[in-house]
Amino acid sequence: MTHDEHQYYVAGLYYLKFHDFRFNHASPPLVKYALALPIYTVFHPQIPKAPETIIVNKLDTIDYSKIFFEANPQQFFTFLYTARRVNVTIFILGAFLLFWAGTIFYSRAIGFTAAMLYLFNIPLFAHATLATLDIGLMAATLLFMIFLYRAITQKNSQATILAGASFGISLAAKFSILLFFPLALLTLILNFKKTKPTVHHILLFSISAFIFLFAIYGFDTNMLAEQKTPTFCKNSTYTAICTTMKSVPIPLSNFLRGAFYQLSISRKGWPSFI
């Protein structure tokens, strides 16, 4: 067990009930949704409203988790094991995605071999038994790689839109996928410049990614100036945006807030999304 397992599915439960993405904004919501959904639908837990001080000033949900489990006594291990089963299911789905990717890139034999090596990787499977975000990120990244490959081989608008949609899904899994964005755009530019207008496909890719990410965030629009960032992770760019866009609703404001937070702590040498 790791110290942060309960933070993720508890945050997912909070999103499902209150749709407040200021809560635990240090990581995106998609995998949290997945971990929390069976708990939410099967056990119908009590989900108290978090104090505003926790929402505004706390990056994790440790303090709120105490409130949550006080409202749901004797349910700690039931909820934890349910979330872990979801993660194992995502791990198994990853094997199918890896087989699909290997088949598309090389051959069915290579895809099958890769999937078997993946399933019998003991450290990877051990991590899959924990209710964390990394296995979900891996599955989303595999999906993105498959659709990006199809986009550059099929060279049509539909494939580009699907690549963008899968990238939006990956962005909603964990911020580390942001590192792929320049590579994805460069790949599209190099592969489309001799066949179709590059700008057309870049726009299709970017708009599709934005729409899917925006939808997963529940079409979240908040005012960045209203969201106080803790002093230890102040980011000058974020502060400048807050000052410039004061009192203006910003689409995906909590995605931006979390991304700037991760950038800030990576500069300090913390083990963030880098």
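Tutor: The model is a predicted one. The chain has 274 residues, of which 48% count as buried, and its secondary structure consists of 13 helices and two strands. Among contacts with a separation of 6 or more, 72% are between residues 24 or more positions apart.

The part to look at is helix α5, which covers residues 76-105 and includes Asn87. Asn87 has a relative accessible area of 0%, and it counts as buried because that value is under 20%. What is Asn87 in contact with, once its neighbours within four places in sequence are left aside? The list is Leu35, His127, Ala128, Leu130, Ala131, Thr132, Ile135 and Gly136. One of these, Leu35, falls within the range of α2, residues 30-43. Two others, Ile135 and Gly136, fall within the range of helix α8, residues 134-154.

Aromatic rings come next. The whole structure holds 27 aromatic pairs. One of them is formed by Phe91 and Tyr118, which are stacked, with 4.6 Å from centre to centre and 20 degrees between the planes. This pair links distant parts of the chain, since Phe91 belongs to helix α5 and Tyr118 to helix α6 (residues 108-119), 27 residues apart. Both partners are buried: Phe91 has a relative accessible area of 1%, and Tyr118 has one of 6%. There is also an aromatic cluster made up of Phe43, Phe68, Phe69, Phe76, Phe77, Phe79 and Tyr81.

Two members of that cluster, Phe68 and Phe69, also take part in the meeting of α4 with α1. There, His6, Gln7, Tyr9, Val10, Leu13 and Tyr14 in α1 meet Ile62, Tyr64, Ser65, Phe68 and Phe69 in α4. The axes of α1 and helix α4 (residues 62-71) come within 10 Å of each other and cross at roughly 70 degrees. That angle makes the two helices, α1 and α4, roughly perpendicular. Their crossing is left-handed.

Is Asp20 buried or exposed? With 10% relative accessibility, Asp20 counts as buried. Apart from neighbours within four places in sequence, Asp20 is in contact with Tyr14, Tyr15, Lys49 and Ile55. Tyr14 is also among the residues of α1 that meet α4. Asp20 and Asp220 are 200 residues apart in sequence, yet their C-alpha atoms are 8.4 Å apart in space.

In passing α9, α8 makes a left-handed crossing. The residues of α8 that meet α9 include Leu137, Phe144, Phe147 and Arg150. On the side of α9, the residues include Ala159, Leu162, Phe167 and Ser170.

Definitions and conventions:
Residues numbered from 1 in each chain as written. Predicted model: local features only at pLDDT ≥ 70, side-chain atom pairs only at ≥ 80, totals over all residues. Heavy atoms only, no water. Helix = DSSP H or I, 4+ residues; strand = E, 2+ residues; numbered from the N terminus. Buried < 20%, exposed > 50% of the residue type's maximum accessible area, 1.4 Å probe, protein only. Contact = heavy atoms within 4.5 Å. Phe/Tyr/Trp six-rings, centres within 6.5 Å; stacked < 30°, edge-to-face > 60°. Axes fitted to C-alpha atoms, helices over the stretch in contact; angles between N-to-C directions. Left-handed = near helix turned anticlockwise from the far one by under 90°. Parallel < 35°, antiparallel > 145°, perpendicular 65-115°, else oblique.
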